[in-house]
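My notes follow in numbered points, with the conventions given as they come up.

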Amino acid sequence: MHSNVVNGGYESKSIEKKWLKKWEEDGINNLKDSSRKNKFYCLEMFPYPSGEPHMGHARNYTIGDVLARIKSRQGFNVLHPMGYDAFGLPAENAAIKSGIHPKKSTFTNIRKMEEALMKMGMTYNFKEQVITCEPEYYKWTQWFFLLLYKMGLAEKKEGPVNWCGSCQTVLANEQVIDGRCERCDSEVTRKNLSQWYFKITDYAQALLDDMELLKGWPDRVLTIQKNWIGRSEGAKINFKLDDNDEEIFIPVFTTRPDTIFGVTFFILSPEHPLVEKIVTDKETRKEIDRLKILISKQTDIERGSAIAEKIGGFTGRYVINPVSGEKVPVWIANYVLSDYGTGAIMAVPAHDERDFEFAKKYQIPIREVISPTGKISAEIKEVFTGNGKMVNSGQFDGLDSEEGRQKIIKYIVEKNIGNAEINYKLKNWLISRQRYWGAPIPIIYCEKCGMVPVPEKDLPVILPEDVDFKPTGLSPLSYSEKFVNARCPVCGSPSKRETDTMDTFVCSSWYFLRYCSPSYDKEAFRKEEVDYWMPVDQYIGGIEHATMHLIYSRFFTKVLYDAGLINFKEPFTRYYPHGVVTLGGQKMSKSKGNVINPSEIYDKYGSDTLRLYILFIGPADSIVDWSDKGVEGSYRFLGRFYRIIAENINKLEKSGFLRSKNIAGQKSARIVPDTLDGPSKELARKLHQTIRKVTDDIFRFNFNTAISAVMELLNSISKYNSLKKADDFNDMLLFETTENILKLISPIAPFIAEELWEKLGMEYSIHKTAWPEYDPEFAKEENITIVFQVNGKIRDKKDFSLDCSEEEVSRYAFSSPRIVESIGDKKVVKKIFVKNKLYNIVIV
RNA sequence: GCCCGGGUGGCGGAACAGGUAGACGCAACGGACUUAAAAUCCGUUGAGGCUUGUCCUCGUGUCGGUUCGAUUCCGACCUCGGGCACCA
């Protein structure tokens with residue numbers, strides 16, 4: 001290690017080294033204390049062990065660490081755990097490239113992460129980490145799979161899936177961004193495969209309803225989730241195929257049953273199973289087949305975006321509108337999706353943008369049935385999607401569209417042709433992956449018994465280590481004879497194991513429960529521990545997990561609740577999304593080479609500087625751009641802090657104050673307000689105001705302003721120290737201020753605080769002391785500045801005593817030359833007095 | 001296209017309930033210390049004006065409104081960021 005960057009007497013390197021060692025020996029970073037009554041579970045999203053924590057991790061974990069430390073100092077029993085989301089593609093991809101086994105690289109990386117987190121002074125109990133790729137953990141991930149299976153929430157289904165050709169695996173909908181793979185950015189194609197799904201859609205409504213319990217979540221996150229779940233209310237209506245031989249009903253979903261008289265055509269998605277059946281004419285069939293192939297070749301981007309061109313064709317057949325009795329043509333079109341609603345729609349071109357565009361292109365009639373004015377338009381030039389009066393709608397004419405919707409639903413229910421229905425955009429969670437580095441799905445296929453779940457007593461299904469994990473599109477595990485061949489748990493005959501592994505989001509959907517009893521080996525979690533610690537009081541992590549991890553974790557929690565295994569419905573009481581750290585306005589990324597690692601910073605300036613800077617850089621939830629100058633500023637501040645406090649300690653030593661009293665043990669005989677005056681009183685006030693502000697700001701996640709308050713206090717101390725007259729000086733006050741400023745900075749910059757605490761002769765450790773509380777008597781301002789305005793413009797300012805009367809203020813106002821001059825010969829019509837703030841004279 | 005957030009000095013950002021806009025920090029400039037530099041310490045620093053003051057005018061994306069008073073509330077627009085995006 002090289003010497004410190006020049007900074008007065010502040011030797012961050014040796015200080016941090018010294019305390020790291022001491023803290024580790026004493027286990028001081030474990031904040032659990034079962035003798036305390038109230039608990040606080042502070043959780044930060046655990047990292048994927050990529051090798052070294054990045055700046056986002058540093059930000060995330062520093063925020064959590066500060067909160068956990070303060071909660072502990074405020075007397076809470078604090079659970080502040082750490083672990084690793086250790087399964088996943090990157091390790092496997094790296095293994096394919098470099099030949100190093102994922103297990104080896106993962107554990108090497110974990111050690112590195114661990115060391116870095118320790119160096120940053122994080123208060124995790126490193127002895128109780130949770131690592132998802134260990135059999136002791138994934139045994140219970142598999143147990144969860146079985147639980148969902150038993151509850152009918154896990155199913156194997158043939159269906160179109162998102163296939164990433166480069167990763168050679170299936171992706172969940174959430175992992176596809178703009179038709180591309182989230183990880184490798186290559187284009188995602190559709191493929192029909194038999195895959196495992198978790199039926200999260202069964203919980204769509206519960207996920208929406210229970211948002212009411214998430215008062216401690218930012219609205220924007222709930223909005224994202226609502227959007228993702230995509231609930232829409234409407235009706236399912238059956239249209240009968242116009243056919244002489246057979247009664248075929250085709251249901252559609254619509255949110256606008258009130259527009260049913262405006263249906264001028266009907267569309268099936270190209271993948272709709274009835275397309276095959278109903279197209280009878282040979283020539284038409286040719287054309288429809290051609291279209292189907294054309295559309296199936298379209299990528300998600302070409303087909304899926306709102307601006308994509310609409311294409312389709314007439315099937316030669318008709319359906320009967322069940323309400324109007326009208327016969328309308330059946331088309332297929334690329335813009336009708338097979339996996340939403342019923343895969344078929346009633347098209348109302350006058351009142352739907354997409355149908356309008358399609359009708360115009362293919363010259364299909366457009367009929368107005370909702371009119372904003374109630375009058376029928378002569379010509380339809382544009383779509384009207386709003387509410388209005390129903391027209392051209394038979395017995396429903398004249399109704400408001402909202403009312404019409406209810407009336408039509410009532411009608412179709414009575415006539416037995418449909419019903420009210422709710423649809424969600426949320427799709428079932430596809431969890432199988434044709435990859436090696438994941439938790440094996442605990443299922444066995446027996447020729448006689450069929451699909452058999454692995455009995456709980458046989459868990460874990462161990463992921464074998466001697467496997468060839470080259471990507472072939474098939475699960476690497478399928479090449480391992482040893483793994484694949486098994487005995488049927490039911491009949492004992494030779495069987496085959498499921499060779500897919502689980503999406504890593506399954507592992508991370510319950511880790512917060514495991515933290516409550518990390519080494520318990522009888523169950524996934526010890527109930528008493530979970531009852532005590534859960535739900536998480538404060539969760540902190542990137543907003544990019546709003547739709548995946550956070551929804552899945554909420555889903556898992558609800559499943560456990562319904563299984564009667566836990567007594568809460570939501571895992572995270574409060575959630576705080578921190579912002580990302582950019583460099584030059586760009587997202588830091590290894591591939592672009594624009595990365596600043598936390599280690600560079602703590603190696604050069606120390607972890608205190610890193611922590612301080614990352615909190616001071618800007619509001620914790622906003623995107624912040626890295627600035628080397630800013631880091632230096634933080635480092636300089638700590639140097640200045642060190643010098644000024646050391647000077648205080650010096651002074652107190654010289655005056656004999658520190659020797660004369662057994663300060664460390666002394667809690668009583670502190671300053672009484674009346675005994676102070678002048679600069680001392682001012683400093684005492686500043687101190688108590690700072691205690692109040694820092695505490696308030698930190699719990700509002702305003703770390704930047706909390707730090708600026710500490711800076712201001714330091715400036716006040718510095719000024720106080722430069723006082724000429726010795727009588728103005730109060731040793732006790734200086735001591736108390738020193739003691740408290742150290743406490744205030746201690747969760748943010750734990751090393752320097754501990755060092756100076758020791759220098760002050762206090763009992764080890766500052767991190768075990770109670771968090772300071774402010775005294776309102778001290779914090780109270782004596783004088784306040786009243787602002788004088790004339791017609792809202794500031795004309796004068798003057799100090800008055802707190803709570804002074806309007807009369808007093810008014811008397812001054814009308815004697816102030818500047819104010820009198822501003823009034824001139826105008827007439828005073830009104831006087832506004834805001835206590836302790838301002839006096840405004842209104843003239844005309 | 002729809003739904004959320006933001007736009008404040010040269011820069012990052014303060015202003016918690018409509019009441020002193022620019023806290024704190026960075027950068028810059030001036031001074032002290034030094035043979036010198038670095039570091040440190042002390043100042044100045046939104047723009048413009050002159051009558052240089054405890055001064056005046058302007059100023060929180062643009063335009064308008066409510067109010068004695070608007071960065072804060074309302075309306076329209078411009079712009080940046082995020083989410084969703086043929087979801088019937």
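1. A contact means heavy atoms within 4.5 Å, and helices (H or I, at least four residues) and strands (E, at least two) are DSSP runs numbered from the N terminus. This is a predicted model, in which local features need pLDDT of at least 70 and side-chain atom pairs count only at pLDDT 80 or more, while totals for chains, interfaces and linings use all residues. Residues are numbered from 1 along each chain as its sequence is written, chains are lettered from A and ligands numbered from 1 in the order in which they are written, and side-chain values use heavy atoms, with hydrogens and water left out.

2. Let me begin with the fold. Chain A holds 28 helices and 34 strands, and its C-alpha trace spans about 110 × 90 × 50 Å along the principal axes. Taking contacts between residues at least 6 apart in sequence, 72% join residues at least 24 apart.

3. How much of chain A is buried? The share is 53% of its 844 residues, where buried means under 20% relative accessible area (1.4 Å probe, protein chains only). The chain exposes about 38,200 Å², and carbon and sulfur atoms supply 50% of that area; accessible areas come from the Shrake-Rupley method with a 1.4 Å probe, and for residues only the protein chains shown count as cover.

4. Helix α25 (residues 750-759) deserves a look. Eight of its 10 residues are buried, so the helix is largely enclosed by the rest of the structure. Those buried are P750, F751, I752, A753, E754, E755, L756 and W757. Their cover includes α1 (12-26), α2 (55-73), α4 (102-119), α19 (607-616), α20 (628-654) and α24 (731-745). Just after α25, G761 takes a positive phi of about 85°.

5. Now to the RNA. Helix α23 (residues 703-721) gives the largest share of the surface near RNA strand B, seven residues.

6. Which part of RNA strand B faces the protein, sugar or phosphate, or bases? Of its atoms within 4 Å of the protein, 67% belong to sugar or phosphate and the rest to bases. On the base side, a polar backbone atom of E309 is 3.3 Å from a base nitrogen.

Methods:
Buried means under 20% relative accessible area, exposed over 50%, partly exposed in between (1.4 Å probe, protein chains only). A residue is near a molecule or strand if one of its heavy atoms lies within 4 Å of it. A polar contact is a pair of N or O atoms within 3.5 Å; within protein, one must be able to donate a hydrogen and the other to accept it, and residues adjacent in sequence count only if both atoms are side-chain atoms.
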